[in-house]
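Trainee: I want to learn how to read salt bridges. Please take me through some.

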Amino acid sequence: MATTLYLLLHFFLFSALHGLTYASTPPTVYLIRHGEKPDDPLDSGLNADGWKRAECVRSVFGEDSPYDIGYIMAPHISKKGEHRRSYETVHSLATDLGLTVDTSCKRNKVYCVAEAVSDYEGPGNILISWRHGKMRELVQALGYDDPPEYPEDRFDLIWTIPYPYDNITDIRSEDCPVLDVPEDLTVEL
């Protein structure tokens with residue numbers, strides 16, 4: 001709750017000081033997990049299914065989708081190439097949409113992500129591709145006090161977090177052919 005009040009105060013104070021007004025409502029945040037990973041814990045890239053998921057993400061969130069993505073975030077990739085799964089999952093989509101993936105936040109710095117969301121003033125909604133172990137904390141940093149844990153065995157869920165970012169209003173599967181089995185797509189809020 002305190003984080004939500006902080007973000008609201010920051011938003012209104014920043015807007016008042018800079019004479020900004022929004023023509024429409026602030027963006028909705030869509031949060032996804034990176035694609036499937038190799039069995040080798042030292043390999044920080046995607047496996048074959050992960051690359052299939054990255055292609056599916058292009059279709060799900062692409063130009064003709066209802067998601068209207070205008071900004072994409074993924075964790076910072078280390079100099080050694082570590083932590084690149086999230087980036088690999090959304091890079092082709094970003095290229096299709098003419099966007100650059102913002103990788104300015106390190107994977108454990110969820111408040112950096114919340115600040116980037118708060119500062120975003122562009123058109124369209126926000127897509128964040130992140131590691132599942134930090135997704136609950138990331139949503140808390142946005143302002144939702146008690147979000148669920150992202151299931152460890154799922155790679156397909158889209159969490160919808162509308163402004164003021166204090167609730168997940170929808171959880172649904174990306175419904176990627178071959179990867180996501182229809183009878184396993186039921187999600188409880």
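Mentor: Start with Glu 149, which forms a salt bridge with Arg 136; their closest N and O atoms are 3.7 Å apart. Glu 149 sits in the loop between α5 (135-142) and β5 (157-161) and Arg 136 in helix α5, so the pair ties together parts 13 residues apart in sequence. This is a predicted model: local features need pLDDT of at least 70, side-chain atom pairs count only at pLDDT 80 or more, and totals for chains, interfaces and linings use all residues. Residues are numbered from 1 along each chain as its sequence is written, and side-chain values use heavy atoms, leaving out hydrogens and water.

Trainee: What is a salt bridge?

Mentor: A side-chain nitrogen of Lys or Arg within 4 Å of a carboxyl oxygen of Asp or Glu. A search of the whole structure finds 13 salt bridges.

Trainee: Is Glu 149 buried or exposed?

Mentor: Buried means under 20% relative accessible area, exposed over 50%, partly exposed in between (1.4 Å probe, protein chains only). Glu 149 is exposed, at 57%.

Trainee: Where do Lys 52 and Asp 49 lie?

Mentor: Helices are DSSP runs (H or I, at least four residues), as are strands (E, at least two), numbered from the N terminus. Both residues lie in helix α2 (residues 48-61), 3 residues apart, about one turn of the helix. Lys 52 forms a salt bridge with Asp 49, with the closest N and O atoms 3.7 Å apart. Lys 52 is partly exposed at 45%.

Trainee: Which residues are linked in a network of salt bridges?

Mentor: Glu 36, Arg 53, Glu 174 and Asp 180.
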